[in-house]
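Biologist: Before I use a model like this, I want to know what stands behind each label. Please show it to me.

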Amino acid sequence: MAGTVQESPTEPDPGGPGGSVVTTDDGGSTGRVGDRVFAGLSVGSAVLIVIVLAGVAIFLLEQGLPALGNSGESAYGKDNIWAYVGPLLFGTLLAALIAMIIATPLAIGVALVISHYAPRRIATAFGWLIDLLAAIPSVVYGLWGINFLALNLVPVYNWMGDNLGWLPFFEGPVPNSGRTMMTGGIVLAVMALPIITAICREIFAQTPKMHQEAALALGATRWEMIRMTVFPYARSGMFSAVLLGLGRALGETMAIALVLPPSVLVSLNLITAEGASSTIAANIANNFGNASGSKVDTLIFSGLVLFVITFAVNFLGRAIAARGQVKG
Amino acid sequence: MTDLTTTPSTSDALPLQAPSLPRYGTIFAIVFAIAVGALVSMVIGAGSVAALVIAWLALVVALPLWSLAVEGGRKAVDRVATLLIWSTFGLAMIPLVSLIYTVVSKGSGILSGQFFNNSMRNVLGEGGGIYHAIFGTLIVTALAAAISVPIGILTAIYLVEYGKGKKLARVITFLVDVMTGIPSIVAGLFAYALFVLIFGPGVRLGIGGSVALSVLMIPIVVRSSEEMLKLVPDELREASYALGVPKWRTIVKVVVPTAIAGIVTGVTLAIARVAGETAPLLIIAGFTTDTNLNPFSDRMTTLPVYIFQSIASPPGLYRQEYEDYAWGAALTLVTIVMLLNVLARVIGAVFAPKSGR
């Protein structure tokens, strides 16, 4: 018995660089076929993921780049491809910006409720409720946005148009359907909220207990404690959470495709229907079914632009999160 | 001079307790605010929403002012912050409640045996159903799961069991994170571009939808499986190695079974997530009114695409019927997704490994 136990640890050679972990033996279990096959399988599927991601970029480039020279008919009647993609890009950024302005403070507040304000038992249930928000399919959000939210926001928009009409954002005229940029932004905010909340509440909960208790012991109120200990600790995490939420809002398709009437133009007017610019993703969803030939290329090219932007935003968000982890 | 016993009565001694609002002060303030809201809205004849807004405003103004008068500035600021933070939660719940209420109230009317058993074939107005869309969703999602689950779990195994500290593993962890942020419509375009290379332009296939969904699903599966595998204690692995079990059998027989509950939870959540995905399927799986059970030929409708098409391009005369169909399909879809979520939580809670501590 004792012999076998001592014999078999053939792997105490400290596995690979990093060395501190005892169990890794770098697949070097002396030539057993099963081991090699299994290691090969798992490495293979890991590499496959890299290939898929590269494939997404390559295929989009391959199908999209020919559209760079498109103009006239194949660029949906615009002089060149940028005149077509540009306004859509503007709409994408504007909708996402509205969503972030609304969602960020809300998400931080909700995360604080879950991590610090609510009693623990209730907080778990609250967390589930917010997760439910993330689980609802985007097309259902669109359906709700167009049939419920938009209609109910019309009086609010009318009030805004009457009282804030001197701002270019709220000029109107307000459509009776309520399908405006603002509605789109609000729906996007609801959809981005659970992501931001999830990351924020995790980081808030990680704030060192000692810091918090020290602040409270010095007589700080709960809000002062949060401002002095939780926020400084979580700053980079909050920033990356917002970036990841932004990534979601930029790429969100169906809600906008349903809520916003399709149009390609640049407009800052948030509460009107005719002047609202659509987004890249929604535009693809609306037009892809009927597109053919070089129009498909044009749409794929706009998808490529969207991919590059969301990739950059997510990359930045993850990089900041990773740096924060090393420091924390 | 030594008036130890009379300290409380002297006016110049420091009080031991700062003055504070009475214990039920907050509740009192809330009742007061609701009363104000109701009163004001009755006087100016506004609706219940306006009454709620006024009540909220009254609370946010009145309670801090009262606190400022009694407790001082810092406590008042704290109360404002507490009120605002709880308000954000209430505000965030409004969409959830109203969405579920709207979907249930508008969708439940149309649900019937006929609705579930008919497709939209040869249907113009009434009498249509979602039979074809339900099967489309089941087939496309099942195939997507069949592609993503093995790849995702094997990748997670690589990251946890083989790749620790290696550069490739770090790169893949990062790429998987970035991949979670790929817009769904871009995944659809990717699948389209891929299948165009094989089948030529204008291709629409159910399996293409599965490939697109896999791009979205794999990173979710990898992330959740990785977290679960990391939780398996090293002692288990070491005990297995000590008995002379090869590494791959250790993983298959010891590590994965220990983490299986968490992995199944993650996979179920991932399925729930992609089952509601619309955009990629709109592009690559297309839309049809007919039942198509073969993912390798022709178009295939799924529930989300069905909802979108019913709202976005209904035949002019039957707008109302198609809106009803959309709500019925939305209720069905939300029910499926919620059931999957509940199932995932139950699996996670019931089969979770008993922690050693």
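This is a predicted model: local features need pLDDT of at least 70, side-chain atom pairs count only at pLDDT 80 or more; totals for chains, interfaces and linings use all residues.

Biologist: How do you know where confidence in chain A is lowest and where it is highest?

Modeller: The pLDDT runs from 0 to 100. In chain A, helix α1 (residues 2-7) has the lowest mean, 38, and helix α7 (residues 209-217) has the highest, 92. Over residues 1-29 of chain A the pLDDT is below 50, although this stretch has 37 contacts in the model beyond near neighbours in sequence.

Biologist: What is the average for chain A?

Modeller: Chain A averages a pLDDT of 81, and 88% of the residues score at least 70.

Biologist: What makes up the pattern of chain A along the sequence?

Modeller: A run counts as a helix only from at least four residues, and as a strand from at least two. By that rule chain A has 11 helices and zero strands, so its pattern is α-α-α-α-α-α-α-α-α-α-α.

Biologist: What makes a residue of chain A count as buried, and what percentage do?

Modeller: A buried residue has 20 or more other C-beta atoms within 10 Å of its own. Of the 328 residues in chain A, 50% are buried.

Note on methods
Residues are numbered from 1 along each chain as its sequence is written. Chains are lettered from A and ligands numbered from 1 in the order in which they are written. pLDDT is the predictor's confidence in each residue, from 0 to 100. Two residues are in contact if their C-beta atoms, placed from the backbone, lie within 7 Å. A residue is buried if 20 or more other C-beta atoms lie within 10 Å of its own, exposed if 12 or fewer, and partly exposed in between; C-beta atoms are placed from the backbone.
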